[in-house]
Amino acid sequence: MGEKVRVAIAGINGRFGRASARAVLEDPDLELVGAFGRSNAPYIGKDVGELASTLKTGILVSSGFLDLLARAKPDLLLDFSVAEAALSHAKLALEKGVRPVIGTTGISEQDVDELARLAAKHNTPGMLVSNFSLGAVLMMEFARQAGAYYEHAEIVEMHHTRKLDAPSGTAMRTVAKIAASGNRFNRMEVDEKEILAGARGGEGAGGVRVHSLRLPGLMSHHEVVFGSDGELLTIRHDAFNTNCYIKGILLALKRAMTLDRFVVGLENLLVSTAS
């Protein structure tokens, strides 16, 4: 690839931040140049290797993005912080010519539109990826294809109890892909009566319904069920640990340097890779 891609990580003390740091440090095409997390956190100033369970790196955790930029000049900012913070980081990154690769969910369509405008203004592309798992991306693509042939579709997404947003970003992305067919799903055949409010789930674009489960023992699981007379089609993806996201994260970091605009979804990179 020529020169190494210089990567900074936001949300370094989270599960995905630590796993990403290890992966970047081990990849010959990438160079980790900085990391930061919550301001005033006890790990500020510690070696990234301590958090990532690797050997010492000489890279100390910064107190924030501006502090990091004073120490290093990354090409990319990989962000696994919370939505509000990630949005702020992305705006600053675009202003500074650093390409944001956002792995945080909960960012609105309006915010995505704003990031796309800023990316064009500063001539600095970037990405928003709701799910870095290649299997999850394929699940969404298969659901998109099936949406053209069915009139009933519901999604069940299941996550651990510390998940902040419901439905998940992956579920909402899947809804949008199914609804893109233009079909109207789940038309009422009876006058339904919910004994418990919300028992039928939330209604998304195109009438696609989504149900969110939060239980210990789960990590990230999505099931899309299409129904028609005499059959069910179920498309399901299960993630059991962070390992399944690493391949997609590394792909995004490397391909982000070839982008010419702000894009949403890892599938854009898969299509261009396959073509």
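Reader: A pocket here is an open set of points on a 1 Å grid over the protein atoms alone, where a 1.4 Å probe fits, with protein on both sides within 12 Å along at least five of seven lines. What volume does the largest pocket have?

Author: About 1200 Å³, where a volume is the space filled by probe spheres set on the points, joined across faces, edges and corners. This is a predicted model, so local features need pLDDT of at least 70 and side-chain atom pairs count only at pLDDT 80 or more, while totals for chains, interfaces and linings use all residues. Residues are numbered from 1 along each chain as its sequence is written, and side-chain values use heavy atoms, with hydrogens and water left out.

Reader: OK. How many residues line the largest pocket, and which lie nearest its centre?

Author: The lining has 42 residues, and Phe 16, Phe 80, Ser 81, Val 82 and Leu 164 lie nearest the centre. A lining residue has an atom within 4 Å of a point. The elements giving two or more residues to this lining are α1 (15-26), α4 (83-95), α7 (169-179) and β9 (220-228). Helices (H or I, at least four residues) and strands (E, at least two) are DSSP runs, numbered from the N terminus.

Reader: How does that lining split by class?

Author: It has 13 nonpolar, 24 polar and five charged residues. Nonpolar covers Ala, Val, Leu, Ile, Met, Phe, Trp, Tyr, Cys and Pro; charged covers Asp, Glu, Lys and Arg; the others, Gly among them, are polar.

Reader: And the second largest pocket, how much space lies in it?

Author: About 510 Å³. Its lining has 23 residues, with Ile 107, Glu 109, Gly 169, Met 172 and Arg 173 nearest the centre. By class there are 10 nonpolar, nine polar and four charged.

Reader: Which element gives the most to that lining?

Author: α7 does, with five residues. α5 (109-122) also supplies at least two.

Reader: Arg 173 is a charged one. What salt bridges is it linked with?

Author: Arg 173 belongs to a salt-bridge network with Glu 141, Arg 144, Lys 177 and Glu 267. A salt bridge is a side-chain nitrogen of Lys or Arg within 4 Å of a carboxyl oxygen of Asp or Glu. The whole structure has 18 of them.

Reader: Where do Glu 31 and Arg 6 lie, and why does their bridge matter for sequence distance?

Author: Their side chains meet at 3.8 Å, N to O. Glu 31 is in β2 and Arg 6 in β1 (5-10), so the pair ties together parts 25 residues apart in sequence. Glu 31 is partly exposed at 34%, and Arg 6 is partly exposed at 27%.

Reader: Switching to rings. How many aromatic pairs are there?

Author: Five. Rings of Phe, Tyr and Trp (its six-membered ring) pair if their centres lie within 6.5 Å; planes under 30 degrees apart are stacked, over 60 edge-to-face, and the rest tilted. Phe 36 and Phe 65 are stacked, 5.6 Å centre to centre with 15° between the planes. Phe 36 is in β2 (30-36) and Phe 65 in α3 (65-71), so the pair joins parts 29 residues apart in sequence.

Reader: What about Tyr 150 and Phe 226, what geometry do they have?

Author: That pair is tilted, at 5.4 Å centre to centre and 40° between the planes. Tyr 150 lies in the loop between α6 (134-146) and β6 (152-159) and Phe 226 in β9, so the pair ties together parts 76 residues apart in sequence. Tyr 150 is buried at 12%, and Phe 226 is buried at 0%.

Reader: Which residues do ring pairs link into a cluster?

Author: Phe 16, Phe 80, Phe 132 and Tyr 245. Phe 16 and Phe 80 are also among the residues nearest the centre of the largest pocket.

Methods
Buried < 20%, exposed > 50% of the residue type's maximum accessible area, 1.4 Å probe, protein only.
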